[in-house]
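Here are some questions about charged side chains, each answered by setting a value against its cut-off.

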Amino acid sequence: MGAQLNIKDAETIRLARELSNELGISVTATIREALEEKARRREAEREELITKIMEISHEFRAAMPADWHGKTSKEIMDEIYDEHGLPK
């Protein structure tokens, strides 16, 4: 016996069958293609988000004071705030 998936939602079944008929492929192939496409889109969105984060990181590093380069965030915070968390 092969792997199984039991879909109990009538609308999902209707959509899968409708798309399957339009594409001229099996319902299984239709669902697999739809899931693969969704996975590709999510991966592309993830890559785009990582790219944006890296751009922001580079912009921040370029804008931060030169004497902060190479320091940890704790070292920077210790320079800015006293032991009570108030600005120096």
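Q: Why is D78 called partly exposed?
A: In this predicted model, D78 has a relative accessible area of 40%. Partly exposed lies between under 20% for buried and over 50% for exposed. So D78, at 40%, is partly exposed.

Q: What makes K74 exposed?
A: The relative accessible area of K74 is 53%. Exposed means over 50%, so K74 is exposed.

Q: How do you know that D78 forms a salt bridge with K74?
A: The closest N and O atoms of D78 and K74 are 2.9 Å apart. The cut-off is within 4 Å, so the pair counts as a salt bridge.

Q: Why are D78 and K74 separated by about one helical turn?
A: Because they are four residues apart in helix 3 (residues 73–80).

Q: What makes K52 and E48 a salt bridge?
A: Their closest N and O atoms are 3.3 Å apart. That is within 4 Å, so K52 and E48 qualify. Both residues sit in helix 2 (residues 27–63), four residues apart, or about one helical turn.

Q: How do you know that E47 forms a salt bridge with R46?
A: The closest N and O atoms of E47 and R46 are 3.0 Å apart. The limit is within 4 Å, so this is a salt bridge.

Q: Why is R46 called partly exposed?
A: R46 has a relative accessible area of 45%. Exposed needs over 50% and buried under 20%, so R46 is partly exposed.

Q: How many salt bridges does a search of the whole structure find?
A: Eight.

Key
Residues numbered from 1 in each chain as written. Predicted model: local features only at pLDDT ≥ 70, side-chain atom pairs only at ≥ 80, totals over all residues. Heavy atoms only, no water. Salt bridge = Lys/Arg side-chain N within 4 Å of Asp/Glu carboxyl O. Buried < 20%, exposed > 50% of the residue type's maximum accessible area, 1.4 Å probe, protein only. Helix = DSSP H or I, 4+ residues; strand = E, 2+ residues; numbered from the N terminus.
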